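Trainee: I have just opened this model. Please take me through its chains and domains.

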Amino acid sequence: MSVGEALVGRASVATAPRRHAFGRDWFLGYAFILPVLVVIVGLIAYPLSYSIWLSLQDVKVGGVGRFIGFDNYYKLLFDTNARIHGDFLNSVKVTLLYVCGAIVGKFLVGMVSALILNAHIRARHFWRTLLFLPWSIPAIVGAYSWKFIYNDINGVANTALTNAGLIDRPILFLASPDLAIWSVLVAAIWQGTPFWTMTFLAGLQSIPTEMYEAAGIDGATTAQSYWFITLPNLSSVILVTTMLSTIWTTNAIQFIYILTNGGPGGATETFPMLAVSQGMRAYDLGIASAVPLLFFPFFALMIYFLTRRMLRAEA
Amino acid sequence: MADVTMGARSMAPARSIPVWSWLASKNRGYYLAGYAILAVLGFWTIFPFYWQVATSLRSDVDLYTPVVSLIPTSLTLEHYGKVFSPNSQLPTQLRNSMLVATGAAVVSVILGSLAGYALTRLSFFGRAGIARILVFAYLAPGTILFIPLYVMMSNLGLRDTLLGVTLAHLTFSVPFATWMLMGYFKTIPIELEEAAMMDGASRPTILWRIVLPLAAPAVVVVAVFAFTLSWNEFLYALVLLQSRDKMTAPIGLTAYAVGDVTYWGQMMAAATIMSIPPLLLYLFGQRWVIAGWTAGAVKS
């Protein structure tokens with residue numbers, strides 16, 4: 001890129017002596033950018049600021065808003081009398097548990113899958129295609145498949161356990177408050193692991209083979225090679241994958257929405273689910289806007305970091 | 001999509017860490033353990049999908065017995081018959097999904113090609129800033145936008161319309177397409193354009209005669225990606241669409257659960273049908289798909 005740029009730069013000096021204040025190709029450049037800018041401003045930037053404006057109002061679906069300053073935020077964060085305060089604290093707890101569980105699970109399964117796929121195995125292509133499959137079908141379809149597997153009446157998980165004589169009564173995978181979030185996590189890990197396997201596998205393949213050979217000659221054990229060669233070389237891949245996956249996992253609501261709908265009793269109500277239920281069922285658009293906005297700073301930080309990294313990698 | 005080809009090449013050859021083979025030579029046990037883990041992973045991966053297809057092929061009698069056999073005893077297409085019967089909404093919903101996803105994909109690649117080219121090849125004030133905003137928009141989560149988009153679409157009279165959902169899908173597919181195409185434009189040798197410029201070709205001629213033919217394959221790949229993203233989208237479609245004949249296929253799936261009763265057979269039949277387009281894309285375009293998705297994460 002930089003070389004190409006330098007070349008073009010030089011050519012332009014030679015052919016076009018008069019430089020424009022906005023740059024050499026300013027007219028064509030702005031003309032080409034304009035449609036995308038319209039989308040970004042009209043469908044992303046404007047809604048984002050509109051969301052902030054909504055969060056400062058007492059506004060119901062179909063009603064007229066009334067400006068109330070930071071009351072919605074106060075209610076969510078500090079008002080111990082408001083029911084929504086408890087719901088919000090609960091959603092913070094559930095979101096953290098859900099994200100951490102999902103990240104740990106996807107990391108472990110993804111790492112094991114990638115290490116095996118990177119080894120000398122037969123029919124590698126077949127196994128790779130197979131292990132990436134969950135990611136290629138719509139998430140909603142996976143969510144319903146898992147819902148049927150977990151079903152208490154004719155779900156295959158309960159039937160199999162009963163037939164094996166391990167349980168007498170069906171386990172309420174999705175309806176018991178203690179179990180629900182773990183059941184959802186299993187399904188979410190199933191769907192999200194392939195992305196981790198993919199990035200880990202690509203990362204593993206970029207580690208020079210010579211490093212392992214050298215370590216082998218020096219008498220390093222497998223565990224040592226893994227700890228001192230594989231992990232350090234994968235560290236940046238792990239960091240970026242964790243961040244991307246955190247953003248996507250938190251904000252994808254399909255699995256929770258379909259499997260438990262936030263229940264039982266809020267046990268799986270992450271903050272996007274709280275926003276959906278406040279907006280679409282309680283019709284309170286002010287609160288529903290404020291909830292995701294309170295989480296936005298964390299995402300903005302991660303996105304800022306990722307943006308810098310991705311643009312640097314591109315250059 | 002420079003990375004696409006590069007990633008694809010690095011994934012394709014059967015290169016592997018010698019640690020494993022070196023271990024295997026010492027001890028075959030590692031090999032066996034490896035295959036055992038692989039078998040478990042394979043089972044865990046394929047089972048929900050297998051169960052979905054198997055369920056769609058069982059009769060209702062077979063489905064609601066307490067004794068469930070892993071392999072369906074009698075296969076039937078009755079559920080597929082039902083989801084495609086004249087009073088079923090599935091055909092309409094598949095058509096809706098097709099329209100929305102095609103619209104989003106076409107608009108995204110057109111806008112993305114123009115912007116991607118400008119951001120990589122033209123020099124103008126504010127270029128770096130715009131590139132940064134684009135990546136930011138690409139990663140910005142939809143949970144922040146769905147409430148304001150819902151209110152906006154209601155005010156514009158676009159709630160419960162396919163146009164409204166298509167516009168909502170542009171929020172992720174346009175930044176996505178632009179970002180992917182930016183990567184690709186960087187791989188086209190700039191010398192081709194310079195040579196044409198020396199020969200006196202104008203910018204539009206260069207674009208039309210040189211850049212576009214070279215970019216065509218990438219544009220197709222990105223269009224197909226954008227199509228799948230939109231085809232699978234759930235949140236925006238869920239909050240924007242209410243009428244059953246306006247729903248996209250993923251939202252239509254929720255209608256097979258009525259109160260406490262779920263029509264599992266029909267639901268799984270519909271689910272299997274709507275999995276086919278993304279599945280075909282994955283099976284035939286695997287190397288681009290994988291390389292494209294890992295591009296941003298892996299490069300250091």
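Mentor: Domain bounds here come from an automatic or database domain assignment. This is a predicted model: local features need pLDDT of at least 70, side-chain atom pairs count only at pLDDT 80 or more, and totals for chains, interfaces and linings use all residues. Residues are numbered from 1 along each chain as its sequence is written, with chains lettered from A and ligands numbered from 1 in the order in which they are written.

Trainee: How many residues of chain B are in contact with chain A?

Mentor: Take both sides of the pair. Chain A brings 97 residues, and chain B brings 91 residues.

Trainee: Which helix gives the largest share of the side of chain A that touches chain B?

Mentor: Helices (H or I, at least four residues) and strands (E, at least two) are DSSP runs, numbered from the N terminus. The largest share of that side is 17 residues. They come from residues 26-55 of chain A, helix H2.

Trainee: How many helices and strands does chain B have?

Mentor: Count the two kinds apart. Chain B has two strands, and its helices number 15.

Trainee: What are the domains of chain B?

Mentor: Chain B is also divided by assignment. Its parts are domain 1 (16-81) and domain 2 (90-298).

Trainee: How far apart do the C-alpha centres of these domains of chain B lie?

Mentor: Domain 1 of chain B and domain 2 of chain B are in contact, through nine residues of domain 1 and seven of domain 2. Their C-alpha centres lie apart by 32 Å.

Trainee: Which element gives the most to the side of domain 1 of chain B that touches domain 2 of chain B?

Mentor: Elements giving two or more residues to that side include helix H4 (60-63) and helix H5 (78-83) of chain B. The top contribution is four residues, from H3(B).

Technical notes
Contact = placed C-beta atoms within 7 Å.
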